[in-house]
Amino acid sequence: QMEPVSNGNLPPGFDPSTCRSVYVGNVHPNVTESLLIEVFQGSGPVERCKLIRKEKSSFGFVDYYDRRSAALAIMTLHGRHIYGQAIKVNWAYASTQREDTSGHFHIFVGDLSSEVNDATLYACFSTYPSCSDARVMWDNKTGRSRGYGFVSFRNQQEAETAITEMTGSKWLGSRQIRCNWATKTNAEEKQETDNHNAVVLTNGGSSNAAMEANQDTGSKENPENNPDFTTVYVGNLGHEVNRDELHRHFYNLGVGAIEEVRVQQEKGFGFIRYSTHGEAALAIQMANGLVVRGKPIKCSWGNKPTPPGTSSKPLPPPIASYQPIAMAGVPQGFTAAELLAYQRQ
């Protein structure tokens, strides 16, 4: 009786009530079709499986004999790690279920909240009768919203009216959106996404916008293949998370030697520098989406390589977090004696 929550890139009006196929994204290159079938058979009998291989991250489609098995696969397998890589699972849809908007007028919509998906964006602009499509751009590596999208209109005048009326006055989720005409560059990005018959779920999360923009545009090098990158960027931190607490969370991962921890508490992000590139890569995989103080953190590569000659010395283990002990006759919380003992320690 349970239903999967589809937060991802689904066509506006898409009805999954009869769908029995799922899309599988972010698949490790070592995964084979037979392994994929073996994993997805746990949710029900698989009719067929198709894997499209890519150099860094493959994707595919799994067809079940019934809809219930497909829904169960989305609920239980989304986020499952195969070869250390979390797969994305959601409803699959045919490209024909989206209207051909190549000849339509496209506007850019920025400052989108992380919880906004295609259906939400389309609903916002559907007050304009000629609105034909809405598409939020997603990061294929993290499976999260990039914070912007595109809306298509059949009528140019309505598109222009939408830009004028919506910019700075319309709240969508937790932010005021901004609109403009789509440029040639980002329109090509939308077209590339349109041609990719796939959907990606996201578990939300946001972080300091300026820092995230810097992360996207800071270094043109590919950190995944550059051993000089050893720093992990950590975003979407609560303002109460300090350096010691962040150190504890990453130290508990046990993936390697931590050499530096920096936190910008007022801005909600920080950095963890490891001894090696491999340790940092493993930390990103393991910590991305980890819930800290009720918020899922966002992990990616720092935007700069570690400078040559940087001192390499592991930090001492962090101080264990103190938890008050309930004792007979002693109220819950810190007593003066306990605080003094803790300070001495």
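This is a predicted model: local features need pLDDT of at least 70, side-chain atom pairs count only at pLDDT 80 or more; totals for chains, interfaces and linings use all residues.
A residue counts as buried when its relative accessible area is under 20%. The model holds 11 aromatic pairs. In helix α3, which spans residues 118-125, the buried residues include Leu121 and Phe125.

**Aromatic pairs and cluster**

- Tyr233 and Phe271 form a tilted aromatic pair, with 5.9 Å from centre to centre and 55° between the planes.
- Because Tyr233 belongs to strand β13 (residues 231-235) and Phe271 to strand β15 (residues 269-274), this pair ties together parts that are 38 residues apart in sequence.
- Phe271 also pairs with Phe269 in an edge-to-face arrangement, with 5.9 Å between the centres and an angle of 80° between the planes.
- Tyr23, Phe59 and Phe61 form one aromatic cluster.

**Helix α3**

- The buried residues of helix α3 are Asp118, Leu121, Cys124 and Phe125.
- These residues cover an arc of only 130° around the axis, so they lie on the same side of α3.
- The buried residues of α3 pack against the strands β7 (105-110), β8 (131-138), β9 (145-153), β10 (171-172) and β12 (178-181), and also against helix α4 (156-166).

Note on methods:
Residues are numbered from 1 along each chain as its sequence is written. Side-chain values use heavy atoms; hydrogens and water are left out. Rings of Phe, Tyr and Trp (its six-membered ring) pair if their centres lie within 6.5 Å; planes under 30 degrees apart count as stacked, over 60 as edge-to-face and the rest as tilted. Helices (H or I, at least four residues) and strands (E, at least two) are DSSP runs, numbered from the N terminus. Buried means under 20% relative accessible area, exposed over 50%, partly exposed in between (1.4 Å probe, protein chains only). The arc is that of the directions from the helix axis to the C-beta atoms. Contact means heavy atoms within 4.5 Å.
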